[in-house]
Amino acid sequence: MTSEEIVYTPGMKDLFKELISNKSGLLGLIIILVFVFMAIFAPHIAISDPLKIGKPHEILLPPSPDHPLGTDDLGRDIWSQIVYGARVSLLVGFLATIICVGIGTIIGLTSGFFGGKVDEILMRITDMVMVIPGLPLMIVLSAVLGPSIWNIIFVISVISWPYSARVIRSQVLSVKERPFVEAARCLGASDIYLMFREILPNVVPIVLAEAILYVSSAIYSEAVLSFLGLGDPFHISWGMMLHFAFSSGALAYAWWWALSPGIAIALLILGFTFLGSAVNDIINPRLKER
Amino acid sequence: MFKLAGLKKFILKKTISTLITLFAVITINFIIFRVMPGNPVHMMFTDPRVSKENIDVMMKRFGLDKPLWMQYFIYVRELFIGNLGISFWKNVPVIDVILGRLPQTIILLSFAILLSTVAGVFLGAYAAWKRGSKIDASILTVSLVTYSVPSFWVGILLLITFSYWLGLFPLGGITTPGIASAPLLDQIIDYLWHMALPLITLFFYYTGGYVLIMRNAMLDVLGEDYITTAYAKGLKEAVIMRKHAMRNALLPVATITALNIGWMIAGVVEVEVVFAWPGLGKLMYDAIMQRDYPLLQGVFLFIAISVILANFLADVIYGYLDPRVREEK
């Protein structure tokens, strides 16, 4: 995305209307809503407590009417784990995104608005963080900080903000040259007012599209970290289910244990990817012509 | 003359920023492992039977009784002579463990990048050429899917299907036990047989990314004036695509590849763990499982420095090839 691109700023209502007519955007939205529903009503949808250890005869059962997705090596119901896992994925996805896009917006806005030395220094720092390979740093940080869902959120957001800072900065650069900003400046508006009241609202659509795509990468990161055994043991997540399935040695037999968590992760990530791309197309008509 | 002067300044600028980045990563690494709650010796000896005197001796041996700034100084000095400490788990220098595992990652990564660049570049170019068509839409959707689906899960599915059920491929590792006494050709075939599934998994993951990058780069190029000129000259569309558009789209693809090394490393870490491929990614996982912090720290630092240097190289090459880049910040 370059700075010269003109971004169309639709109201929320128009955006929604266009989204409904966009096939993949609508599909993404539906997938996300299904998982959100699952997460909110988890106690009502789940068959049992996801961490409740089953009786000996309930160990590694294939899918059946009693356990629609089977059970794991401790006799725990996999469907219930999937349902509760949605909470972890969505919590990490949304919170990490809010923090990381928040940092990115503040840095991108300051950098783009003030330019000069401020811009130079902030962008140097941004580039520096951007070059550090993300997953290895996340692994090291989570290994040192210890397994907790809050640490995972912190680790993901602290590493992923540079991309949003870059995108937002380039958008600010184009918005701040527009006549209405100049007009407000002539009327004596302060820098803070210009930044937050004049420029920010015009950057919001880009921030929104970016944020949606960020959710999917945050969900992916959480899944990988949990798969590598760095997940929060008190909150069952899809990545952790795959970790247990993989390290249990039961994969040769218990295929159902590995199948459903992966499908859940892939579906949710795809949902956010489809929605994000659709929003991008809508606010960025030049891309849509392609 | 002017061209070269600009290049020198560009390289100097990149060198300085690369050095600052390296310094920052080294410092971050020091802070993460030194300033966090507790210290390495306490982490090693959580056993209450270890006496206070023994801990003090260990603290002295590791230099942890010195002030923090001095520890930092020693750490940087040792780093320069390639000393990354001793692995708790293997009881040998960390750098030796890393160098022993490095070739396997390089081999797997090179094969995967080679195959998926070729496939991705052609599929992406084709999709851009047929933009808006059904073919374009399906290539785009498939790429988005393979790019989004976690590669460690794809690996697990392949493992279940082709290794456990069908028995066509090994369960992991790089060699069949006892193969060392077989003829060289058999050894090579055995190695490739072990590499097949990890390679396919990575191919899935990377190709999707390459298609998306190449398609975008092609679409940018197709909007340029010289393409219109080529059409006006009456050149055949296939010729324009191959000789004019693809060639120019390859440059951005090459840089984006270098900038995306971090993303590729992520894929390789996941795949190595699933297929027990003894490279750096698997080593990181082993270090976590063994709670071997010096090893974990060493692998991270090694990967980070390699990626930073690769980026520097890509920047310089790109700046040399395309003078326009030097003007930008």
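**Exercise 1. Determine what share of the residues in chain B is buried, and do likewise for chain A.**

Solution. Step 1: apply the criterion, by which a residue is buried if 20 or more other C-beta atoms, placed from the backbone, lie within 10 Å of its own. Step 2: in chain B, 35% of the 329 residues are buried. Step 3: in chain A, 49% of the 290 residues are buried.

The structure is a predicted model, in which local features need pLDDT of at least 70 and side-chain atom pairs count only at pLDDT 80 or more, while totals for chains, interfaces and linings use all residues. Residues are numbered from 1 along each chain as its sequence is written, and chains are lettered from A in the order in which they are written.

**Exercise 2. Describe the side of chain A that touches chain B.**

Solution. Step 1: two residues are in contact if their C-beta atoms, placed from the backbone, lie within 7 Å. Step 2: 36 residues of chain A are in contact with 38 residues of chain B. Step 3: the elements of chain A giving two or more residues to this side include helix 5 (116-131) and helix 9 (191-230). Helix 6 of chain A gives the most, with 9 residues. Step 4: by class, this side has 29 nonpolar, 5 polar and 2 charged residues. Here Ala, Val, Leu, Ile, Met, Phe, Trp, Tyr, Cys and Pro count as nonpolar, Asp, Glu, Lys and Arg as charged, and the others, Gly among them, as polar.

**Exercise 3. Characterise the packing of helix 11 of chain A with helix 7 of chain B.**

Solution. Step 1: the two helices pack at an angle of about 150°, with their axes 10 Å apart. Axes are lines fitted to C-alpha atoms over the stretch in contact, and angles run from 0 to 180 degrees between N-to-C directions. Step 2: helix 11 of chain A is therefore roughly antiparallel to helix 7 of chain B, a term for angles over 145 degrees. Step 3: among the residues that meet are Trp255(A) and Ile265(A) in helix 11 of chain A, and Trp153(B) and Ile160(B) in helix 7 of chain B. Step 4: the residues of this contact divide into 7 nonpolar, 1 polar and no charged.

Conventions: A residue is buried if 20 or more other C-beta atoms lie within 10 Å of its own, exposed if 12 or fewer, and partly exposed in between; C-beta atoms are placed from the backbone. Helices (H or I, at least four residues) and strands (E, at least two) are DSSP runs, numbered from the N terminus. Angles under 35 degrees count as roughly parallel, over 145 as roughly antiparallel, 65 to 115 as roughly perpendicular and the rest as oblique.
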